[in-house]
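Hi there,

Here is the structure I promised to pass on. Please have a look, and my notes follow below.

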Amino acid sequence: MDDFIAARSQMAMSLAFHIVFSCVGMVMPFMMAIAHYKYLKTKNEIYKGLTKAWSKGVAILFATGAVSGTMLSFELGLLFPKFMEHAGPIFGMPFSLEGTAFFIEAIALGFFLYGWDKFNKWFHWICGVIVGISGLASGILVVAANAWMNSPSGFDFVNGEYLNIDPVKAMFNDAWFSQALHMTIAAFCATGFAVAGLHAYLILKGKNVNFHREAFKISSVLAITAAMLAPLSGDISAKDVAKRQPIKLAAMEAHFKTEESASFVLGGIVDESKEEIKYAIKVPGVLSFLVHSDFKTPVKGLEEFPKDEWPPVAVVHYAFQIMITFGMLMMGIAVIYLIAQFFKKDWRTKRWFYKLFMIATPFGYIALEAGWTVTEVGRQPWIIYGIMRTVDSITPMPGIQYSFYIFTFVFITLSIILVFLMNRQIQMVAKLYDPEDPNYKPEKH
């Protein structure tokens, strides 16, 4: 493995893990706040236990997310110093604001965790809401920085120099809204399905069923709402990509030849050497409609662009197909949920209903990782789209592959520990706050 591939692989691996922590930090505080609100209104001890269980989970993942996020900041500077030298003064604003949001989140989380029976109950609840809002803001601000890499703005590039820098214009670049919207909805979808799937599994085990059923209700509502909205935000994002980065769209669809009534491609095996895709299902005119809102307008193929600017077509296409597949599966589950909610209420008592969510536990994060791959790999060979190539930004230091191996081992170990801690925490709190459990002892107020 050469240093260029090692540096990119380390960054990709770090982002793949950190995005999970980030999405949990963006979404779980809102679940926590909903459970807390229900407790304040009903005085049902199950909701209090649920709030405490989720808040401790938020704390654990907040700590790990803070560490992995800090590592990413250092990696950007150490692995891609030329990039940071030029880009830092331009897109540093969202990173600095993200730091502010992070500190607000940390303070509010501290108040929430240690404020039980010490603060006014509604002030205490507001602290939890602030944790969610600041976590969401952090995610959006980081995505704004990434969007700038896809749609650089806020400066004039003259003779290799970056002049007339406008950090506000850089932050609110042409890509930030579509990327932030799609990422936010994807975070709610992924985390909602993961949490709902976990509690569905615990319901099927038959222990502390009341506790886990209430947890399932809250998380599943967020999950199915996001799953139904994801195709809309995806359409907005795809239209934006078609306008700004047509080469990325062509790679997503393995669309080699410019043609009228361009087909939307499902599946297939990409052959870049022959510039074709085999064994795919093609739906005529649909790609033209998705891009241009009519079935006839031509869509640019990869042939329109220099080959040295092509992203890895196979990787981008397969990642896009994975994202679409799991997104549609979650949307299908959302439809089944809605039918069960309004027309077939007896479905909600069936084991198959909970098994469906249990199986879907990883679907959202698989789709999320695949979507992030499309965004990042689809931008290649550019680190700043159209301005700086990734290969020109890499550090000259040797031996990066060893750093990649070490970081991979650390992240895998950390993930195993996290799964163990989260499972133990939920099980322990469920026993304390489920009235059907023999160890239940109501708290005095």
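A word on residue classes to begin with: Ala, Val, Leu, Ile, Met, Phe, Trp, Tyr, Cys and Pro count as nonpolar, Asp, Glu, Lys and Arg as charged, and the others, Gly among them, as polar. With those classes, the lining of the second largest pocket has 25 nonpolar, 11 polar and five charged residues.

The model is predicted, so local features need pLDDT of at least 70 and side-chain atom pairs count only at pLDDT 80 or more, while totals for chains, interfaces and linings use all residues. Residues are numbered from 1 along each chain as its sequence is written, and side-chain values use heavy atoms, with hydrogens and water left out.

Back to that pocket. On a 1 Å grid over the protein atoms alone, a pocket is an open set of points where a 1.4 Å probe fits, with protein on both sides within 12 Å along at least five of seven lines; lining residues have an atom within 4 Å of a point. The second largest pocket holds about 1000 Å³, the volume being the space filled by probe spheres set on the points. It is lined by 41 residues, and His182, Gly234, Phe320, Met323 and Ile324 are the closest to its centre. H7 gives the largest share of the lining, 10 residues. Helices here are DSSP runs (H or I, at least four residues) and strands likewise (E, at least two), numbered from the N terminus.

Lysine 239 also sits in H7. Its relative accessibility of 28% makes lysine 239 partly exposed (buried is under 20%, exposed over 50%, partly exposed in between, with a 1.4 Å probe and protein chains only).

Next, helix packing. Helix H1 (residues 3–42) and helix H2 (residues 45–79) have axes 7 Å apart, at an angle of about 155°. The axes of H1 and H12 cross at roughly 125° and come within 11 Å, so H1 is oblique to H12.

Finally, some backbone details. Lysine 43, in the loop between H1 and H2, has a positive phi of about 60° although it is not a glycine. Aspartate 117 also has a positive phi, near 65°, and is exposed at 68% relative accessibility. The peptide bond from glutamine 380 to proline 381 is cis, with omega near 10°.

Best wishes

Note on methods. Axes are lines fitted to C-alpha atoms, for helices over the stretch in contact, and angles run from 0 to 180 degrees between N-to-C directions. Angles under 35 degrees count as roughly parallel, over 145 as roughly antiparallel, 65 to 115 as roughly perpendicular and the rest as oblique.
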